[in-house]
Amino acid sequence: MGDGIVVTQYQARFGRRCNSAGAPGGIIHWILAAAFLLPTAACTVGPDFTAPVAQLADKFRGVNNRSVRSGTLEYQKWWEGFRDPTLNRLIEIAYTQNLTLLSAGTRVLQARAVLGIAIGITYPQVQQGTGSVIYNRTSAATPLSGPNATPSYFWTDALAAQAAWELDFWGKFRRGVESADAVYLGSIASYDGVLVSLLGDVTATYIGIRTIEQLIAIARDNVRRQEQALSIAKAKFQGGGTSELDVFQATNVLEQTRAAIPQLTIQLQQGENALCVLLGVPPQSLGMLLSRSAGRIPSPPRTIVVGIPADLLRRRPDVRAAELAALAQSAQIGVALTQLYPAISITGTFGGTASTANGHTLSEVVNWKGVAYAAGPSFQWNLLNYGQITNNVRLQDAKLQQLLVDYQNTVLSAQQEVDNGLVTYLQSLNQAAFLRRSVQAANGALRIAMEQYEQGATSFTTVLTAEQNLLQAQNSLAGASASVPLGLTAVFRALGGGWQIRVDGNFVTAATLKQMRARTDWGNLLPPANEPQPLAPGLPGPEDIGPTVRPPEW
């Protein structure tokens, strides 16, 4: 309430000076002086944002493994660690063509335009502009005209404008700019989050396609082995060395293995269709693009580098977006609080009128002789609001508290995702090592079982068991081999790697920029193609909030 006393005293002095000025020119002088002096005494109500605190572990749970090292790394192009040129090409295409990412880029431009609106509101607003040219005829039938009066004809011309400037004494507009700036920066962080997810999705989908290709190859290899076993069973049956039961059992296992191939082919085509959508193209065959490394699951590096959980606060886009969302909401508390105080404004009209009725000319509407104006201060104070304003402040504060809790939950979830990816990566390495020995043993068992069956030393059931064990072991090995790079992909996604590739680029494609420029004047926000583009911050944070008083953005 101390600031309210300052307002009352200042208005009293202002009133005395206006009365002593006397002349209209003096009134305008003091009004303009007040317009520039009041902001110097202004305050900004509402809480100043402080960075929220979240629980962080000292280290990730998997850092004690020999395949994991703790260190500083930005993971800018983590997918290149798989040493797969096809994957690198897919990432490049997805970054330039993915429609979900492009949609996120347009939301950045929307938020930037909203920020421009918030900046413009702080300046005087022309509420109404009027102009008229009217041809007049007076009546000869009125008492004032007299019995012998004749109608007179004349023109009137008028131009006027009405403007109002609400002085930002309590910081309503400055808090609005602060909030809009945080929303804009948050849209950039959200864009980066979409980009990080896109990179992870492309990599995971590609690994899935290669895994299915390998499973199809495994099934076909086993079909050939089982066809050989069926031929032996048929030969023995025809020679009277065994019953037809062996033939039926061999046929049963063979056809089941063959039946797996169409099902795997369905999954393969669905994976390719999903990859097409990520690449921003209609579902189509990707044979030429994928043929280079067909059937080879990407190999991860032998060791990976992870930092500490605290690094997630500066690297993960969704963590930054959550913090900026809280900052934007914190400023909204200040905007709501200003409604409890009087809104101080300066309003005025300026225009001119002229008429030919008294021998004047219409051109006098733009001369000083025809000018008319009025200006003065005013205020509006919502005194009887019956708790509406106070409860709105409470509402905004509760929203802030929710966002602070959401921020803490985002940080916890981020740590969980990193640890989940690490345990998948590390344990899949162990699993794959065990399964390789299992496949070797299953191969040996099948070879011996076939030899013994041909010699009549064992039944065909032994062969069937060996065939099924081999197929299961090979499929399990393929799954574990895929889980290793998938787990690593999850780690890099959770660490927030890859968004850096958009630095020095645009949030929308060149074709989209051209389309938008042709449709709308974007000023400096979207300069022509041959001019430098506006620079965007890296991974934005509260430190990137700009000044709350800025020039208008025309």
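**Figure 1. Contacts of Ala54 in the predicted model.** Leaving aside neighbours within four places in sequence, Ala54 is in contact with Tyr407, Gln408 and Val411. The model is a predicted one. Ala54 belongs to the loop between α2 (24-41) and β1. For the chain as a whole, 85% of the contacts with a separation of 6 or more are between residues 24 or more positions apart.

**Figure 2. Packing of helix α3 against helix α5.** Helix α3 spans residues 85-97 and helix α5 residues 172-238; their axes come within 10 Å and cross at roughly 140 degrees. The crossing in which α3 passes α5 is right-handed. On the α3 side, the contact is made by Thr86, Leu87, Leu90, Ile91, Ala94 and Tyr95. On the α5 side, Tyr191, Leu195, Leu198, Leu199, Val202, Thr203, Tyr206 and Arg210 take part. Sorted by class, the residues of this contact between α3 and α5 are eleven nonpolar, two polar and one charged. The chain that holds these two elements has twelve helices and six strands.

**Figure 3. Stacked rings of Trp78 and Phe492.** The count of aromatic pairs, with ring centres within 6.5 Å, comes to eight. In the pair of Trp78 and Phe492, the ring centres are 5.3 Å apart and the planes lie at 25 degrees, so the pair is stacked. Trp78 is in the loop between β1 (68-70) and α3, while Phe492 is in helix α11 (residues 460-495), so the pair ties together parts 414 residues apart in sequence. Trp78 is buried, at 6% relative accessible area, and Phe492 is buried as well, at 7%. Trp78 and Phe492 also belong to one aromatic cluster with Tyr75, Trp79 and Phe82.

**Figure 4. Edge-to-face rings of Phe169 and Trp170.** The ring centres of Phe169 and Trp170 are 4.8 Å apart, and their planes stand at 75 degrees, so the pair is edge-to-face. Phe169 has 3% relative accessibility and counts as buried. Trp170 is buried too, with a relative accessible area of 6%. Over the 554 residues in the chain, buried residues make up 41%.

**Figure 5. Charged side chains over tyrosine rings.** Two such placements are shown, one with Arg112 and one with Lys236. Arg112 lies over the face of Tyr184, at 5.5 Å from the ring centre. Lys236 lies over the face of Tyr453, at 4.2 Å from the ring centre.

Figure 6. Arg83 has a phi near 55 degrees, a positive value in a residue other than glycine. Arg83 is located in the loop between β1 and α3. At 55% relative accessibility, Arg83 counts as exposed. Tyr386 likewise has a positive phi, near 55 degrees, and is a residue other than glycine. The loop that holds Tyr386 runs between β6 (371-380) and α10 (388-454). Tyr386 is exposed, with a relative accessible area of 71%.

Key
Residues are numbered from 1 along each chain as its sequence is written. This is a predicted model: local features need pLDDT of at least 70, side-chain atom pairs count only at pLDDT 80 or more; totals for chains, interfaces and linings use all residues. Side-chain values use heavy atoms; hydrogens and water are left out. Axes are lines fitted to C-alpha atoms, for helices over the stretch in contact, and angles run from 0 to 180 degrees between N-to-C directions. Helices (H or I, at least four residues) and strands (E, at least two) are DSSP runs, numbered from the N terminus. A crossing is left-handed if the near helix is turned anticlockwise from the far one by less than a right angle, and right-handed if clockwise. Contact means heavy atoms within 4.5 Å. Ala, Val, Leu, Ile, Met, Phe, Trp, Tyr, Cys and Pro count as nonpolar, Asp, Glu, Lys and Arg as charged, and the others, Gly among them, as polar. Rings of Phe, Tyr and Trp (its six-membered ring) pair if their centres lie within 6.5 Å; planes under 30 degrees apart count as stacked, over 60 as edge-to-face and the rest as tilted. Buried means under 20% relative accessible area, exposed over 50%, partly exposed in between (1.4 Å probe, protein chains only). A charge sits over a ring if NZ of Lys or CZ of Arg is within 6 Å of the ring centre and within 35 degrees of the ring normal.
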